[in-house]
Amino acid sequence: MTPVVPIMRIGATVLISLQGDLDDATVVRIESAIMQEVSRTRTTGTLIDVSGLGMVDSFIARVIARMAAMTRLLGAETVIVGIQPAVAITLVEMGVTMADLNTALNAEQGMEMLRRLTEGGHVEATAAHAAG
Amino acid sequence: MSAVIEAQVPVAVEIADEPDLLRVRTVLRQHAVAAGFGLVDQTKLVTAGSELARNILRYAGGARGGLHVEAVDGTGRVGLRAVFFDEGPGIEDVDAALGDGFSTGGSLGLGLPGARRLVDEFAIESSPGAGTRVTITKWRR
């Protein structure tokens with residue numbers, strides 16, 4: 001029961017959709033697959049869609065934050081999109097604020113944010129709906 | 001595999017390997033749905049359970065561990081009680097382990113304190129050599 005993680009690429013942007021119930025080994029496997037893809041060829045942005053995750057615990061949150069930090073070292077910005085409201089409430093109450101992450105409501109807004117981030121414009125990291 | 005029927009009787013899940021993490025989440029989700037919990041409370045209970053099950057996998061040193069879930073009746077309210085137990089080495093300093101950022105395993109140290117904040121009642125019994133038992137209760141709103 002190994003979930004498939006399709007990694008897509010549009011130009012210099014890598015897109016990943018996380019779905020289902022992920023055990024720790026799977027999360028780490030996805031992380032390394034993304035890192036490989038980002039480092040394989042020129043990548044300026046990574047968009048991670050988590051709308052398919054009904055639960056994000058501290059481990060999954062930590063790996064997502066780590067991925068964002070590592071892709072930045074490789075020259076790419078990361079935006080997390082589609083955090084479910086119940087997941088956002090749970091994370092904040094647990095004390096995982098993910099404050100350093102760029103987040104957007106959906107993939108469309110996430111792509112727009114990536115575009116601004118990677119075209120030299122300054123965009124404040126926003127956690128608008130996660131913090132609300 | 002009806003969640004409604006399963007919730008009538010206490011359920012036990014063995015926690016010994018990574019796939020058990022998924023089983024713990026599934027069982028807790030089924031019970032929360034059957035007990036009529038809203039989506040936010042379902043998510044909180046499942047997340048708390050995931051943290052506690054991972055603690056057993058990480059820190060019980062391969063010793064026997066597991067989870068019991070049962071519906072509980074309070075005075076005029078319905079809830080779920082989940083007991084996570086292991087026969088591992090136990091926790092040296094329970095108060096420290098309940099503090100934010102305390103970790104002997106290189107994690108964020110949010111497992112125990114995070115789980116505690118997601119439930120209504122939280123009790124932990126542990127001492128070196130005697131294993132650990134964490135009991136969480138969440139009431140339906």
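Hello everyone. From the N terminus on, chain A runs β-β-α-β-α-β-α-β-α-α, where helices (H or I, at least four residues) and strands (E, at least two) are DSSP runs, numbered from the N terminus. That gives chain A five helices and five strands.

A quick word on what you are looking at. This is a predicted model, in which local features need pLDDT of at least 70 and side-chain atom pairs count only at pLDDT 80 or more, while totals for chains, interfaces and linings use all residues. Residues are numbered from 1 along each chain as its sequence is written, and chains are lettered from A and ligands numbered from 1 in the order in which they are written.

Let me begin with the sheet. The five strands of chain A form an open sheet in the order S1-S2-S3-S4-S5, with mixed pairing; two strands pair if DSSP finds at least two bridges between them. At the edges sit strand S1 (7–10) and strand S5 (102–104) of chain A, each pairing on one side only. On average, neighbouring strands of this sheet are turned by 25 degrees against each other, direction ignored. Axes here are lines fitted to C-alpha atoms, for helices over the stretch in contact, and angles run from 0 to 180 degrees between N-to-C directions.

Now strand by strand. S1(A) and S2(A) run antiparallel and are joined by four bridges. Ile10(A) stands opposite Thr13(A) in S2(A). The two strands S1(A) and S2(A) make a hairpin with two residues between them, and Gly11(A) in that turn has a positive phi of about 60 degrees.

Moving along, S2(A) and S3(A) run parallel, with six bridges between them. Here Leu15(A) has Leu47(A) in S3(A) as its bridge partner. Next, strand S3 (residues 45–52) and strand S4 (residues 77–81) of chain A pair in the parallel sense over five bridges. In that pair, Gly45(A) is opposite Glu77(A) in S4(A).

What packs on this sheet? Helix H2 (residues 58–73) of chain A does, touching S3 and S4 of chain A, and its direction makes about 155 degrees with that of S4(A). Helix H1 (residues 24–40) of chain A lies across S1, strand S2 (13–19) and S3 of chain A, running at about 170 degrees to S2(A).

Two totals for the chain. Of the 132 residues in chain A, 38% are buried; buried means 20 or more other C-beta atoms within 10 Å of a residue's own, exposed means 12 or fewer, and partly exposed is in between, with C-beta atoms placed from the backbone. Among contacts in chain A with a separation of 6 or more, 75% come from residues 24 or more positions apart. Two residues are in contact if their C-beta atoms, placed from the backbone, lie within 7 Å.

Let's turn to the partner chain. 18 residues of chain A are in contact with 22 residues of chain B. Which elements give two or more residues to the side of chain A that touches chain B? They are H1, H2 and H3 of chain A, and H3(A) gives the most, with six residues. That side of chain A divides into eight nonpolar, four polar and six charged residues. Ala, Val, Leu, Ile, Met, Phe, Trp, Tyr, Cys and Pro count as nonpolar, Asp, Glu, Lys and Arg as charged, and the others, Gly among them, as polar.

H3(A) and helix H5 (residues 111–118) of chain B pack at an angle of about 120 degrees, with their axes 8 Å apart. H3(A) and H5(B) are therefore oblique to each other: angles under 35 degrees count as roughly parallel, over 145 as roughly antiparallel, 65 to 115 as roughly perpendicular and the rest as oblique. Thr90(A), Glu93(A) and Met94(A) in H3(A) meet Gly114(B), Arg117(B) and Leu118(B) in H5(B). The residues of this contact of H3(A) with H5(B) divide into two nonpolar, two polar and two charged.

H5(B) also packs within chain B. Helix H3 (residues 39–59) of chain B and H5(B) lie at an angle of about 155 degrees, with axes 9 Å apart, and are therefore roughly antiparallel to each other.

One last residue. Val92(A) is found in helix H3 (residues 85–94) of chain A.
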